[in-house]
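Subject: Structure handover

Dear colleague,

Here is the structure for your files. My notes on it follow below.

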Amino acid sequence: MGDVVSTHLDEGRRQHIAERTGKVLGEFCRCYQEQFGVALFNSVRYEIEGSGGPQPQLLHRKVPLEDHVIYSGNIFQYMEENKKWRNRFCVVPHNYGLVLYENKLAYERDLPPRVLVNSAGYKVLTSVEQYLELVSSSLPGVTPKSGQSPILKCPTDFPLILWHPYARHYYCCVMTGKEQQRWRAVFQDCVRHCNDGISEDSRVEAPAFTDAIRMYRQAKEQFGTWDMLCGNQTQVLSNLVMEELLPELRSTIGPRLKGKAQERQRTWIQISDAVYRMVYEQTKAQYEAVLAKCEQERPRMESIIRTDMDQIITSKEHLASKIRALVLPKAEVCVRNHVQPYISSILEALMTPTSQGFAEVREVFFKEVTDMNMNIVNEGGLEKLVEYMEKLSQLAFHPVKMQCCYEKMEQLKLEGLQQRFDVSSTSVFKQRAQIHMRQQMDDAVYTFETLLHQELGKLQGKEELCKSIQRILERVLKKFDYDSSTVRKKFFREALLQITIPFLLKKLAPTCKGELAKFQELIFEDFASFILVENTYEEVVLQSVMKDIMQAVKEAAVQRKHNLYRDSMVLHNSDPNLHLLAEGLPIDWAEEYSGQQEPEPGSDRRRRAKQVVSVIQTDEGVLPYEAGTQELLQPGSPPQPEAGAPPGCPDRVEKIREALAEESLGGAGGAEERLSNGTAGEVPLAPGAVPGGLPLPAAAQAPPAAEVQRAADAPAEANVQHTIPSPKPRADAPAEANVQHTIPSPRPRADAPAEPKEPPATPAPPTPGAEPLSPAPGPACHQPSDKETGEEVSCPSSPVQPKGTTESGEGVQTEF
């Protein structure tokens, strides 16, 4: 620690920081222990009662892709120790950690890296002006005078800065604008992945943690979403402590900083980083201690739950009925006056960019498979398949190719929410939707890979291989359409709850919160660990708005522009044995089909894995298939790209589609495998917390019985979408073209049942000019008084992991 930092963080102040940290963590740990029992009860109950939700159609990759380098390359880094820029070799492994080596040779020799960065909570900035603005806001009153040199000078015009409100900052730059765009996509993907650090797989620890965070902040009168709920549990807790501790340190240390403005800013950043490290170490030890204590009590608590499950449920229902009688009338008035008029506008604002993003995922997947098929047509069949399948398997983890999908969510604008619903930022919803996009892409790729692998043993010749790829692509696209609809509807419901529930709790707190203590006597002492009055109260509030949210999403599902299946349309019985294909080991295309007779020795395999083979190809040459497609598309003349195609996104797709159809499906007369249909009710929300956003109360984990019954009683509807248009449009086709990046399907058998038409799989293009949020049309001015919630009603206005970063003698920094 530098002398300047040590001066401001003497032993007395360090002791004060440790005491304040211990106090915050003590209150949180008490909340966590309470929520652990509730989460354990919910988990056991879910295990016993099960769920009637629809089965996903796409397969999920159980074994992650490991030992793959997502991206690598040289980048300039600013060294604060000597205030110089150094060339570094940056590697992004499969876990999305940023690893900086001295040079490429150091990486190949497996030498220790210079810097390891866990980018959770960081922001990626591409201009020095953005950075200086954030630095000035972190230390108010300290602004360099005009003419003075700023805190950072970049040697090029293309900086890349990782900014964190508490931890140290990282300064990098590159030589060209194209490199900057590529590295920015890589850095943002790392931030997005690391922010989603609380896994949903843990049905006890994760919900207990997120519920405890929410309860702690609500006790401090902090409702609404929280941007710093990102990273692993220790990072989130460190952010929670720093949120309370840093303003106090700023007021005491800030006035004592000496030197010019830029020197004081630099010193303050170093002090903040040093405090963050101290808090992180203390938080990690204390959180691990409370985890061990809860795990020690878990067997005893689980035994009680399994023995007295019926009595606990009965006791909880009795408590809920009493709270409902007090709270529900007030909550319904508040919902009717302040929430219901805005639900449709909020939903529309969420649905448009989200649907566009998932449509782009579908398009990118189609284009990649189509390109692969064209390359196989022109370059020799199975020998090239291995190479292309290795690249396709990592498509979801390709930051640059996925960027055009992620950018659709950047258009999300929720005007008026900051004032009306206390939503500090839309980044929570953007990142969550982008994570869903990446997961759906990986599921589609893995399903395609598994089905193709199954077919390879039956194929003879290049033509049969191409036809099989087309048929499998069609099947996977149908499954993608169904799964993406399910995922989006779940995302919309969760987002609406994250926006409205904190608002309702804040509105009802003055009149309801004080009366909850009297309900504590209704809970038996033996069940007090599994039933909490506060959680039951939140469930009642959630029930007051859930019906309106479910109805709004259901009505949106029938709008063609959003391409959402109705709840009665469920591909529940299609491909019943498909999931059995995913039980085996992951497919190794190179080893199985490369023609090698003997496996590589262990040492050679390890050395090959250490080679830098980036997923992102920076070649600027012509794509391999382009030469062969000249004869297919326009004999005698080279193909021309479409004018106005956006950079980085698929182009010339229509021509590729027609060429592929003529080449491979011209004489196909085989019958296509059809997906059978069934009906089932859709579960509104899966159990567990929502990483990256405001955690949902337990009531969001189980569907209302009436909703499930209504969905089950709905008539069965065929769900086979004609998403594979013929190359030439029919004469009776509607004026509104449904541009689908798919391949025409063969003619069905004569005895095949007729299939009803379904909504198009791609949403309609957005209308220019986003419409601001406003209440839904209706008699909004004649609304009842809200005296029960403590205010008068007026007409609603129109818009509304590893250790902390330290440096050893060798200069190696480790991540948080």
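Predicted model: local features only at pLDDT ≥ 70, side-chain atom pairs only at ≥ 80, totals over all residues.

Helix α8 covers residues 261-307, which is 47 residues. From its first C-alpha to its last it reaches 66 Å, close to the 69 Å expected at 1.5 Å a residue.

Helix α14, residues 462-512, also has a bend, of about 25° at Lys 506. Here too a proline follows within four residues, namely Pro 510. The 51 residues of α14 should span 75 Å at 1.5 Å a residue, and the end C-alpha atoms are 71 Å apart, which agrees. Of these 51 residues, 42 are buried, so α14 is largely enclosed by the rest of the structure.

**Nonpolar cores**

The largest nonpolar core has 170 residues. Tyr 32, Val 327, Phe 365, Met 372 and Phe 448 are the residues with the most contacts inside it. Helix α9, residues 309-379, gives the most to this core, with 27 residues. Apart from this core lies another, of 13 residues, among them Leu 125, Val 135, Ile 151 and Tyr 171.

What does Val 327 touch, leaving aside its neighbours within four places in sequence? Its contacts are Leu 508, Cys 512, Tyr 537, Val 540 and Val 541.

**Aromatic rings**

The structure holds 19 aromatic pairs. One of them joins Phe 524 and Phe 527, with 6.0 Å from centre to centre and 90° between the planes. This pair counts as edge-to-face because the angle of 90° is over the cut-off of 60 degrees.

**Arg 192**

Arg 192 is found in helix α5, residues 177-195. Is Arg 192 buried or exposed? Its relative accessible area is 4%, so Arg 192 is buried, the cut-off for that being under 20%. The charged end of Arg 192 sits over the ring of Tyr 406, 4.0 Å from the ring centre. Leaving aside neighbours within four places in sequence, the residues in contact with Arg 192 are Tyr 406, Gln 431, Gln 434 and Ile 435. Ser 119 is 73 residues from Arg 192 in sequence, and the two are 8.5 Å apart in space, C-alpha to C-alpha.

- Ala 18 lies in helix α2, residues 11-49, and counts as partly exposed at 27% relative accessibility. Between Ala 18 and Val 275 there are 9.7 Å in space, C-alpha to C-alpha, although they are 257 residues apart in sequence.
- Lys 330 is in helix α9 and counts as buried, at 13% relative accessibility. Lys 330 and Thr 511 are 181 residues apart in sequence, with 8.9 Å from C-alpha to C-alpha.
- Asn 378 is in helix α9 as well, and at 31% relative accessibility it counts as partly exposed. Asn 378 and Lys 462 are 84 residues apart in sequence and 9.8 Å apart in space, C-alpha to C-alpha.

**Positive phi angles**

Which backbone angle stands out at Lys 83? Phi of Lys 83 is positive, about 55°, although the residue is not a glycine. Lys 83 is found in the loop between β1 (69-79) and β2 (84-93), and is partly exposed, with a relative accessible area of 49%. Asp 110 likewise has a positive phi, near 60°, and is not a glycine either. Its place is in the loop between α3 (104-108) and β4 (115-117). At 42% relative accessibility, Asp 110 counts as partly exposed.

Regards

Definitions and conventions: Residues numbered from 1 in each chain as written. Heavy atoms only, no water. Phe/Tyr/Trp six-rings, centres within 6.5 Å; stacked < 30°, edge-to-face > 60°. Lys NZ or Arg CZ within 6 Å of the ring centre and 35° of its normal. Helix = DSSP H or I, 4+ residues; strand = E, 2+ residues; numbered from the N terminus. Buried < 20%, exposed > 50% of the residue type's maximum accessible area, 1.4 Å probe, protein only. Expected span 1.5 Å × (residues − 1). Core = buried A, V, L, I, M, F, W, Y, C linked by side-chain atoms within 4.5 Å. Contact = heavy atoms within 4.5 Å. Bend = angle between axes of the 7 residues up to and from the residue.
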